[in-house]
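Please look over the sequence and the structure below. The paragraphs that follow lead through confidence, then one residue, then one chain.

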Amino acid sequence: MEAVLPADWVAPSIARDRVRLWLTAHRWSPAHRQDLVLAISEAVSNSVEHGYGVCAGNAISAALATPSDTIELYGQVITNRDGVRRAEFTIRDYGRWTPPTVLGDKRGHGMTLMRACADEVIIDHTADGTTVVLRSRPLPRPPLWPV
Amino acid sequence: MPVLCAAVKPAHDEQTPHGGGHVGGRPDREQLMTVRWSDQGDATIITVHGDIDGLTAPRLRMAIAEAFDRLSGRLLVVDLTQVTLLGSPGLRILRDSAEEAVHRRGLPPLRLVVDETRPAIRPIEIVGLDQILALYHSVADALAGDDLHC
């Protein structure tokens, strides 16, 4: 699965729709799916807010994001020899990371949600942007019959 | 000077990574969350449907602030049982509104109805806000004051 999203507050909801459909097609269980959708929504929100500096509901800050500011979302299912599956998502932006404290929110909950809803969260900040990798908890192979 | 509105960017902003075609239709994001008001006896009830994220959370903040202004002694209950996603911007607003009620406006604690609704209660519990928010299983419980901690 891959998508390129605009750096504005519509992006998290588009990402959620896409991931929900994709995980449903892969027969991910509803509770695990819900967790991953939330984790990805938070990662994309972080890119919008802390990568591109667009404050929630703030049209003036939104004007700072240019049309070339994008957030990339990739997803793949990795199956091991026992049939155990993990979903792995990569969320990439090309913004300049602004720490939450600079934006005045010292108690942001986004990271806490991501860490609780994914098995593994890897964040790589560079001068060119931020890449977040989210790995799901392992799931057994899907049933052979429709759920 | 052009005024950009985050919610109405043209659909062609959604491109595939290889530039081939569009990612698909863009649903109406105004419908992502709806906020309904109703009055029951001595209480005002705000019922939230849908997703609370960075796009919609400011609208919830305004609705709660407006309700605070108009309460004049009435109880405020926010019903989250129809919420399908509660992201960090929504959690922030619930926390700030609860603090505002008690510390800045001298109102009784904001009463939140969460039911067993996983999309709302799970994020609240993950970040530990269940320790500081007044949570109820139903609107009736919230009106009666029978909170989950009792």
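pLDDT is the predictor's confidence in each residue, on a scale from 0 to 100. This is a predicted model, in which local features need pLDDT of at least 70, side-chain atom pairs count only at pLDDT 80 or more, and totals for chains, interfaces and linings use all residues. Residues are numbered from 1 along each chain as its sequence is written, chains are lettered from A, and side-chain values use heavy atoms, without hydrogens and water.

Chain A has a mean pLDDT of 87, and 83% of its residues reach 70 or more. Helices (DSSP runs of H or I, at least four residues) and strands (E, at least two) are numbered from the N terminus. Confidence in chain A is lowest in helix H3 (residues 59-62), with a mean of 47, and highest in S3(A), at 97.

Strand S3, residues 85-93 of chain A, contains Arg85(A). Arg85(A) is buried (under 20% relative accessible area, 1.4 Å probe, protein chains only). Arg85(A) has no salt bridge, meaning a side-chain nitrogen of Lys or Arg within 4 Å of a carboxyl oxygen of Asp or Glu. The nearest side chain of opposite charge, Asp82(A), is 13 Å away. A polar atom of the Arg85(A) side chain lies 3.4 Å from the backbone oxygen of Pro140(A). Leaving aside residues up to four places away in sequence, Arg85(A) touches several residues, among them His26(A), Trp28(A) and Pro140(A); contact means heavy atoms within 4.5 Å.

Chain B has four helices and five strands, in the sequence pattern β-β-α-β-α-β-α-β-α. Of its 150 residues, 49% are buried.

Note on methods
Buried means under 20% relative accessible area, exposed over 50%, partly exposed in between (1.4 Å probe, protein chains only). Lys and Arg count as positive and Asp and Glu as negative; His and the chain ends are not counted. A polar contact is a pair of N or O atoms within 3.5 Å; within protein, one must be able to donate a hydrogen and the other to accept it, and residues adjacent in sequence count only if both atoms are side-chain atoms.
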